Amino acid sequence: MAIRSFSYSIHPYDLEKTLESGQSFQWIRTAPHAWESVVERDWVRVSQPKARQILIETTAKNAALVDQLSGYFQLDIDLKRVLTAFPKDPLVGQALRARRGLRLLRQDPWICLASFLLSSTKQIVQIKEIVHLISTRHGNPVAHPETGEMLYGFPDAARIAQEGEQAMRSCKAGFRAKYLYGCARSIAEGTFDLEALREMSLEEARLKITGLPGVGPKIADCVLLFAYGFDRAFPVDVWVHRVLQDYYFHGKQVARTTMHQFIMDYFGDHAGYVQQYLFDYIRSLSKAEWRRMVEDPARPTISK
DNA sequence: GGGATGCCTGGATG
DNA sequence: ACATCCAGGCATC
């Protein structure tokens with residue numbers, strides 16, 4: 001099987017930080033700076049041989065898939081321009097320095113939705129394991145072009161609808177199996193159109209997608225940000241909630257609406273991008289480092 | 001409409 | 001060892 005290579009000169013881009021930041025769960029690390037997966041029906045390897053180079057290797061023959069991969073990895077985004085729109089405060093500054101080169105991907109809506117349905121109260125390694133199990137048991141087989149080893153893509157909605165809830169449970173999905181199956185059915189039957197969300201405003205899309213079983217505000221915003229590119233979607237999980245409350249609201253409890261208003265006003269047009277930097281950064285801090293951060297007298301004061 | 005509680009399950013914590 | 005807690009939420013009451 002022929003492998004085609006595409007090299008991109010790009011900077012700043014940190015592939016490791018990007019693929020290991022918990023936005024996508026299907027890439028398997030095969031070398032210090034290389035990851036592999038199956039996209040559509042093709043094997044793909046993405047690597048960063050040099051600081052300013054991204055290399056994509058694939059068995060795909062059609063140009064469409066190559067375009068798709070360039071979109072997936074967001075190779076055309078002017079990251080520097082995005083970063084200049086971030087708010088200027090000590091925490092964001094630290095996160096920017098610590099996570100230089102982190103990018104948001106642009107994933108396939110169905111796989112992204114399925115991944116985040118499976119993410120509830122699970123840690124990243126466990127989410128990866130479930131995604132991997134579902135893929136190997138129910139996905140399309142693709143031979144590795146170098147080793148011949150079998151790899152499997154994530155199954156589409158129709159396939160999961162056909163396999164049923166129990167099959168998902170036996171892939172360790174637990175109570176999430178019901179949601180995954182429910183969403184798969186709606187999508188496979190055509191009751192729910194994932195593509196239609198592309199034409200909607202963020203608010204419309206959020207309203208629509210939270211109508212799916214198991215999709216609340218957090219998962220909705222993850223999918224809207226990571227798959228549809230709604231740059232103002234801002235997933236608030238326990239970590240981010242902790243930052244917002246402890247750092248920006250000085251430990252005070254605030255209403256959901258107040259928090260939401262603050263997010264939109266303060267983080268701006270690329271709020272979702274800021275969120276990813278903050279999320280990834282704060283998870284790496286020790287308790288002591290975190291305490292130092294929230295006690296920083298230079299941290300911003302929110303005036304309402 | 002904010003605040004508890006159950007849901008699967010594996011790994012961490014005591 | 002063994003119990004208990006809790007993890008990147010959601011639905012329900």
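Reader: Which helix gives the most to the surface near DNA strand C?

Author: This is a predicted model, where local features need pLDDT of at least 70, side-chain atom pairs count only at pLDDT 80 or more, and totals for chains, interfaces and linings use all residues. Residues are numbered from 1 along each chain as its sequence is written, chains are lettered from A and ligands numbered from 1 in the order written, and side-chain values use heavy atoms, leaving out hydrogens and water. Near means a heavy atom within 4 Å, and helices are DSSP runs of H or I, at least four residues, numbered from the N terminus. With four residues, the top giver is α11.

Reader: How do the residues of that surface near DNA strand C divide?

Author: Ala, Val, Leu, Ile, Met, Phe, Trp, Tyr, Cys and Pro count as nonpolar, Asp, Glu, Lys and Arg as charged, and the others, Gly among them, as polar. On that basis the surface has three charged, seven polar and 13 nonpolar residues.

Reader: What share of the atoms of DNA strand C within 4 Å of the protein belong to sugar or phosphate?

Author: Bases make up the rest of those atoms. Among the sugar or linking oxygens, one is 3.4 Å from a side-chain N or O atom of Ser120. The sugar or phosphate share is 62%.

Conventions
A polar contact is a pair of N or O atoms within 3.5 Å; within protein, one must be able to donate a hydrogen and the other to accept it, and residues adjacent in sequence count only if both atoms are side-chain atoms. Helices (H or I, at least four residues) and strands (E, at least two) are DSSP runs, numbered from the N terminus.
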